[in-house]
Amino acid sequence: MSEVVISAKSVGKTFGSGADKVTALDDVSVDIFQNEFFTMLGPSGCGKTTLLRLIGGFEQATSGQILLEGKALNDLPPYKRPINTVFQSYALFPHLTVRQNITFGLEMQGVARKQADDRAEEMLELVRLAQYGDRVPSQLSGGQQQRIALARALAPAPKVLLLDEPLSALDLKLRKEMQVELKRLQTETGITFVFVTHDQEEALAMSDRIAVMKSGEILQIGAPREIYEAPTHRFVADFIGDSNFLVGNLVDDGAGKRAVKLGGGQVIELTQDVSSQRSGEVTVSVRPERLGLVAESQAGDNQLVGTVSTVIYFGTDTTYQIDLGNDALLTVRMQNGSGAKADFAQGERVGITMSPDSIRVLAD
Amino acid sequence: MGNIIRSKRFWLVAPAVVYIGFFMAVPLLQMAYVSMLERGDYGGVNWGVFSMDAYISFIFERDLMDNLVVNTDYLQIFARSFGLSAMTTVFALLLGFPTAFYISTQPQSRRNFLIFLVTIPFWTNILVRNYAWMLLLRNGGLIDGALNWMGIETGGLDVLYTPYAVSIGLTYTYLPFMVLPIYASLEKLDHRLVEAAFDLGADKRRAMSRVILPLAAPGIAAGCILVFIPCLGAYVTPELLGGGKFMMIANLIGSQFGAARNWPLGAGLGFVLLALVLISMMVYSFKFKSLPEESR
């Protein structure tokens with residue numbers, strides 16, 4: 001793995017005191033690597049923006065410390081950190097032209113006028129707004145302002161670029177465009193991006209690694225595929241994509257493997273390495289698209305069997321709700337390929353196929 | 001439909017238009033007329049006898065040979081008034097900006113209270129407040145006494161009845177007019193812009209000079225106008241704190257209608273002042289038209 005750029009060590013942050021005390025971050029530790037697109041994902045109030053503002057220097061940590069390339073940042077004010085931010089509201093200076101906005105940071109570093117202007121042109125080309133240098137921000141559309149905010153933050157070549165939900169104000173189409181754009185900028189500049197969002201799709205599309213946060217804690221850190229395929233917590237599985245949750249008891253299948261026995265008596269085999277220490281009731285998750293349906297007659301022993309309760313046709317795929325009995329419902333999403341798969345009707349008895357590696361036992 | 005409603009709405013402003021139109025425009029025209037008449041020997045004017053003497057005598061006087069020679073007395077009073085008003089505006093700005101900035105950084109509930117405090121002096125009559133300043137500034141007065149008590153021998157402060165006393169009094173009187181518009185523009189200022197400046201490497205001083213001050217400029221300009229123009233027309237303060245020894249434009253105009261019995265000159269001086277004020281306003285609006293829209 002490449003070098004660590006930002007390292008948060010047991011960082012805590014509380015606001016207010018006494019009865020009004022709010023814990024925004026609770027003992028968070030994370031390493032962010034060189035040239036990485038790192039995303040902090042979570043619902044509002046999970047502490048992701050607070051962590052970003054701590055890295056930027058806009059807030060002071062209550063406990064723990066944040067290191068930049070091994071050096072503690074603690075009391076360094078924002079203007080002394082080689083870290084720049086793209087703000088949610090863009091925060092472009094309305095009294096300056098686009099070019100002056102971009103050269104602002106360079107000027108503060110004492111870069112000569114000519115060089116700063118050259119750099120501004122370079123940045124304008126990078127964000128594909130080469131003709132817009134002489135305009136003022138109010139003459140630009142939201143998407144254009146967004147790009148200028150990026151150009152401004154990238155111009156001083158920071159070690160780390162912080163992005164605070166920068167796409168949330170854009171409409172869907174523009175947001176998709178900017179996702180690609182951001183990924184391209186990150187690759188081209190080689191700067192570490194730390195991105196904050198509550199949009200799981202955005203996070204999956206752009207990130208090298210994602211930290212899923214909840215109530216001031218990081219629940220899971222991993223590559224998008226890992227987060228999606230192997231969620232460790234119910235919250236993670238639920239927040240990112242759709243998931244089925246089944247409750248059962250951990251048992252040994254006799255052949256030295258672990259399995260989960262559901263309330264109805266069916267047993268689901270596991271390939272996941274579950275500690276032998278664990279026993280008793282657990283929750284497992286499985287993605288709807290990782291499940292398949294077969295006619296009941298084709299169902300093997302120990303296979304889950306249920307009744308189709310709802311069929312929803314989506315064009316590219318069809319979603320079935322399967323009643324397993326004992327109040328257990330499973331959602332199954334099947335692609336409508338050309339290889340005419342069997343259609344299942346409401347009320348039909350079906351067997352459910354699943355590969356053991358798509359079953360994840362979640363942490364308590 | 002919309003047009004009918006819009007045209008009917010005109011009647012909402014009609015009373016104000018009539019009131020101002022009549023009670024401001026008519027006397028103004030009357031004064032313009034008076035300024036172009038011959039003065040009456042015992043005050044008043046000779047109605048119907050036109051003369052440009054008032055405007056000529058602003059700059060020239062007639063010597064014994066009836067030749068026009070330059071007389072700078074009135075010009076000096078004008079220059080002095082402009083200088084003193086400018087000085088007062090600078091003082092008010094130096095005191096007012098930090099005050100407004102401090103208030104704008106306070107929590108909302110506190111801000112309202114502090115703004116309320118700024119407006120408290122308006123509750124007292126301006127004459128009373130100026131007399132109070134006389135008590136403060138005079139030799140042996142409160143300030144002089146306090147300094148002496150602290151062991152600083154002033155030998156009499158000798159401030160009262162000087163331009164400084166007038167400027168102190170004017171600064172005090174018009175300070176709220178500086179604080180309020182600056183506060184209004186600072187309050188609107190998006191705090192994230194200041195954060196963005198910090199983020200891009202600006203320390204506090206440069207965040208102030210490069211972001212906060214330019215964005216507060218319209219408020220600062222409005223404050224300066226609201227202080228500078230009433231200062232030019234100040235009457236009571238120079239009369240009391242300047243002790244009549246120190247004349248400003250308003251006192252000069254007043255004296256022309258009173259003791260000097262030269263109505264046309266008084267009216268003429270009023271119009272010269274009006275012209276100068278209008279010119280400075282035009283310069284202001286021209287300067288701020290060149291700024292980007294959002295910061296206005």
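Into which domains is chain A divided? In this predicted model, local features need pLDDT of at least 70 and side-chain atom pairs count only at pLDDT 80 or more, while totals for chains, interfaces and linings use all residues. Residues are numbered from 1 along each chain as its sequence is written, and chains are lettered from A and ligands numbered from 1 in the order in which they are written.

**View 1. The domains of chain A.** Chain A is divided into domain 1 (4-235) and domain 2 (242-361), with bounds that come from an automatic or database domain assignment. The C-alpha centres of domain 1 of chain A and domain 2 of chain A lie 40 Å apart. An unreviewed UniProt entry places the feature "domain: ABC transporter" at residues 6-240 of chain A; UniProt positions are given in the numbering used here, feature names are shortened, and annotations may be inferred rather than shown by experiment. Residues 6-240 of chain A are 36% helix and 26% strand, and the end C-alpha atoms of this span lie 25 Å apart. Helices (H or I, at least four residues) and strands (E, at least two) are DSSP runs, numbered from the N terminus.

**View 2. Helices α4 and α5 of chain A.** Two packed helices are described by the angle between their axes and the distance between the axes. Axes are lines fitted to C-alpha atoms, for helices over the stretch in contact, and angles run from 0 to 180 degrees between N-to-C directions. The axes of α4(A) (residues 142-154) and α5(A) (residues 172-189) come within 11 Å and cross at roughly 15 degrees. The two helices α4(A) and α5(A) are therefore roughly parallel to each other, where angles under 35 degrees count as roughly parallel, over 145 as roughly antiparallel, 65 to 115 as roughly perpendicular and the rest as oblique. The crossing of α4(A) and α5(A) is right-handed; a crossing is left-handed if the near helix is turned anticlockwise from the far one by less than a right angle, and right-handed if clockwise. In this contact, Gly143(A), Gln146(A), Leu150(A) and Leu154(A) of α4(A) meet Leu174(A), Met178(A), Leu185(A) and Thr189(A) of α5(A), where two residues are in contact if their C-beta atoms, placed from the backbone, lie within 7 Å. The residues of the contact of α4(A) with α5(A) divide into five nonpolar, three polar and no charged; Ala, Val, Leu, Ile, Met, Phe, Trp, Tyr, Cys and Pro count as nonpolar, Asp, Glu, Lys and Arg as charged, and the others, Gly among them, as polar.

**View 3. The domains and annotated spans of chain B.** Chain B is divided into domain 1 (1-35) and domain 2 (73-295), and the C-alpha centres of these two domains of chain B lie 31 Å apart. Their contact takes four residues from domain 1 of chain B and six residues from domain 2 of chain B. Among the residues of chain B that the unreviewed UniProt entry annotates as "transmembrane region" are 77-101 and 113-132. The span 77-101 of chain B is 100% helix and 0% strand, with its end C-alpha atoms 35 Å apart, whereas residues 113-132 of chain B are 70% helix and 0% strand, with end C-alpha atoms 25 Å apart.

**View 4. Helix α3 of chain B and its partners.** Helix α3(B) (residues 73-104) and helix α7(B) (residues 163-188) pack at an angle of about 40 degrees, with their axes 6 Å apart, and α3(B) and α7(B) are therefore oblique to each other. The contact of α3(B) with α7(B) has 20 nonpolar, six polar and one charged residues. With α9(B), helix α3(B) packs at an angle of about 140 degrees, and the axes are 9 Å apart. That makes α3(B) oblique to α9(B), and α3(B) passes α9(B) in a right-handed crossing.

**View 5. The side of chain B that touches chain A.** Here 20 residues of chain B are in contact with 20 residues of chain A. Helices α8 (191-199) and α9 (204-232) of chain B each supply at least two residues of this side of chain B, and α8(B) gives the most, with six residues. The residues of the side of chain B that touches chain A divide into ten nonpolar, two polar and eight charged.
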